[in-house]
Amino acid sequence: MTRNWLPIKTNPWTLGLPLLAILLLLQATTVPERLDFWLYDTLITNSPAEVSDDVVIIAIDELSLDRLGRWPWPRATHARLIEKLYQAGARTIVFDVLFPEPSPDDPELARAMREHGNVILPLHLSPPSRNYLISEQLPVAELATAASALGHAHVELDEDGLARGVYLMNGLGDHLWPTLALAASGTTSQMNEPGDVPHYTNVRQHYRAIPLAGGAGTLPSYSYTEILERPPSAEVFRGKTVFIGATAPGFGDILPTPFSGLHQPMSGVEFHANNYSALIQNKLISRVSTAAAIGLAVLVIIFLASALPRMRPTRTILLCLATMAALALAHALLLKYARLWLPVSHAAIIPLLALPVSSALRLAMTNRFLNKQLDELARGPTMTLQETSRRHPPQLLSHFQALFQPEGWLLAEGDEVITASGLTESDIPPMENPGEWVHIGGQSWISLTRGGITYRLGLKLSNDLSREATQRYLRRLPLTANNTSSSNRPGPRENISARIERVRLATERMSQMQKFIRRSFERMPDGIIVTDELGVIRFANGHIEEWFREPMPSLNGLPLARLLEGHDPRETPPWHETVSETLTLGQSRTVDLRIHNKDFLIHFAPFSLPDSDQSGIIANISDISELREQQRQHREAIDFISHDVRSPLVSQLALIEQLKRNQGQLEPEQLDQLGRLARRSYHLAEEFVQLARAEQLTETRFYECEFLAIVENARDSVSEQAAEKDIQLTLQGTEDLWLKGNAELLERAVINLLTNAVQYSAPKSTIIIQVFQAGHQACLTVSDEGEGIAPEEVPHLFDRYRRQKSSELSGNHGTGLGLSFVNVVVEKHRGEIHVNSRLGEGSAFTLKLPVTHQIG
């Protein structure tokens, strides 16, 4: 294959002309411009500009409007603000507030402005009303004369609606005004005048993008009313430029920026303050012209058209990615260090599009190679099963009988019944849609058409829990032929399409075989490992990954002996010896294995591939943890019977023999002792039987039951025992909680919890029983005021045949089966149980079971 990928023998124009045409088409869209904005916003927002120490904002915020009244305020108020700032040493004051209309307080404001000597006022360019030409909206003459300079407050919005920069000079044709930031900096003399332009034409010059310091609220800001109410700090304002403008929501201009979009726009005064901060630090960004960006894209086209045809496919991808990365890097470096915004989107899109275009040219060269391999692929193996839609109805009935063992059946051909048992022709329901099952109670019917003949088939299923699952399975069976099968599709007419179709069919057959093999391995209950002739793992199913807790990539290529030694090291016989002897002697072996506290059985079987010298090992790993646990439980049960059950029986027999020898001296105490021993034997046997019943419980014995009623019955069962110790049982809960389970065993589990609580509680105490719903769970909490449980005993509380040390010392002898029974019942019902206990304060057992639905 390495020599089949020859370089494309064509001149650069073959690739260059399509790329040039694509570039021209891109010019008619907004995609490149959107991409440029995105690149710029990403860099600006990830590296915000530093805030100049020379900038302070006085905000006309909501607090100021509440205290000073509705807008507009008397201009004497602004005069007082200027006086306070003058006293604080502010060098420059910039108003982002328009004063186009005269006011009685204008002389006072003008006086304050002249006393300060460096106050900048804004102007606005707009038509006075509809159908009028644009004109300059200047401050009133008295204020304009008192101002040290005037500046325009216009901010340019880009095509996507975000504010990224301003025109430093803006105005009508006869005179251009600097922006407020430029007027405050005093560098307007460096800007060019408009020249001979009509006085009604809006002229904008020197666009600059502003590297913002952040979103709204980044710059230091003080409330307007706070400055008026108390003397401003000289340390805050001395020698600084103060911008005054509106920041209150719904008042003043708001500008969406790259930092906020439309979610948290920035006020106009903050934007102008950011402009001033960047301007005095010489950080404003100039934008390179679109013509230069197009020229850069043409250079990229020439470079790629010359280089790609001479390169292999892998290197082609790398070159295109490297070109895009180089353009992005150049864009970032120019923006950061040269303060130039170079639009690189046109040039960056070209490598992305050059890759599929060059690949299309290479695909033409693969046609000859595909022709040589086509026949071999078409002869590949296949794995198909006989379709159920092609089976004859009598055969279907025979298979249904073997699979489901129905209580009755009926098969009719037309109006004639072929075979029937337990069903009659009168049971056949109307079936409007052939091929669709009709389920009526325990009967399932279907109408099938084979060879123009209509058959009606019916099954009478057993009335058990599996009937519903069987009916769902029948609905999924495809018993009618699919008219849109691949065999009925018209073949492709073009030569290349016919070849592709043949490759597709061959690949599909191979893929089906591979999927069948892989899924078969994955669905097996055992773990499967396949190695090569050196014992190196080449395949493992999901069980191996789960049991060994090794990711699949690390398993592939790992020696089997090393995997086993790392998880279950052993000396006799070592794992490498077992693996090597399996390969060298060709003999199967079975060995015990223990991984992460679980028991397994691993069977090594050698194999060799047909028509090949390759061989290896198939290792089958079976999880026998449950079997070993059953063996352990069996041993514990024998120990329990041999000790705990035999002990009271032996005592009874000894007491009976004593009574036989002294028949005339029968004491009441001896009868009481005999009764206690008999009751203890009965309770031991009863708890043992109940535990065995709980362990054999399956969901087939579940039914709808009401949890509160179960708890009430359990409370009534232990009420007499509680009354003997003058213990009060308090039940809290009135809500009916329906769940699917076994009410008898659940009641026994609750009785065990209550019995334990009564047994370990002091006389005249209270046991609180709470029944409530938490989410989709029915909950029961049994709280007592007993002696509590030691922290070291809590983890082993539900272990069978285990008794608490403190309980044994206090004389409360138990079997160690009661709480184990509760735990088993809860697990069988897919629930959980928790214990919260403190020594000397009591214990609280909380039981949680899943709720199905509520009735009534």
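Predicted model: local features only at pLDDT ≥ 70, side-chain atom pairs only at ≥ 80, totals over all residues.
**Ring cluster.** Phe 400, Phe 404, Trp 437 and Tyr 473 are joined into a cluster by ring pairs. I then took the total for the structure, which is 13 aromatic pairs.

**Tyr 40 and Trp 341.** I examined this pair by centre distance and plane angle. The ring centres lie 4.1 Å apart and the planes meet at 20°, so I recorded the pair as stacked, the limit for that class being under 30 degrees. I next located the two residues in the secondary structure. Tyr 40 belongs to helix α2 (residues 31–46) and Trp 341 to strand β15 (residues 340–341), so the contact ties together parts 301 residues apart in sequence. I also checked accessibility: Tyr 40 is buried, at 1% relative accessible area, and Trp 341 is buried at 0%.

**Trp 547 and Phe 600.** I placed Trp 547 in helix α18 (residues 542–548) and Phe 600 in strand β24 (residues 598–608); the pair links distant parts of the chain, 53 residues apart. Trp 547 counts as buried at 10% relative accessibility, and Phe 600 counts as buried at 1%.

**Charges over rings.** I returned to Trp 341 and asked which charged end sits over its ring. I found that of Arg 287, 4.3 Å from the ring centre. I noted a further case at Phe 37, where Arg 164 lies over the face of the ring, 4.1 Å from its centre.

Methods:
Residues numbered from 1 in each chain as written. Heavy atoms only, no water. Phe/Tyr/Trp six-rings, centres within 6.5 Å; stacked < 30°, edge-to-face > 60°. Helix = DSSP H or I, 4+ residues; strand = E, 2+ residues; numbered from the N terminus. Buried < 20%, exposed > 50% of the residue type's maximum accessible area, 1.4 Å probe, protein only. Lys NZ or Arg CZ within 6 Å of the ring centre and 35° of its normal.
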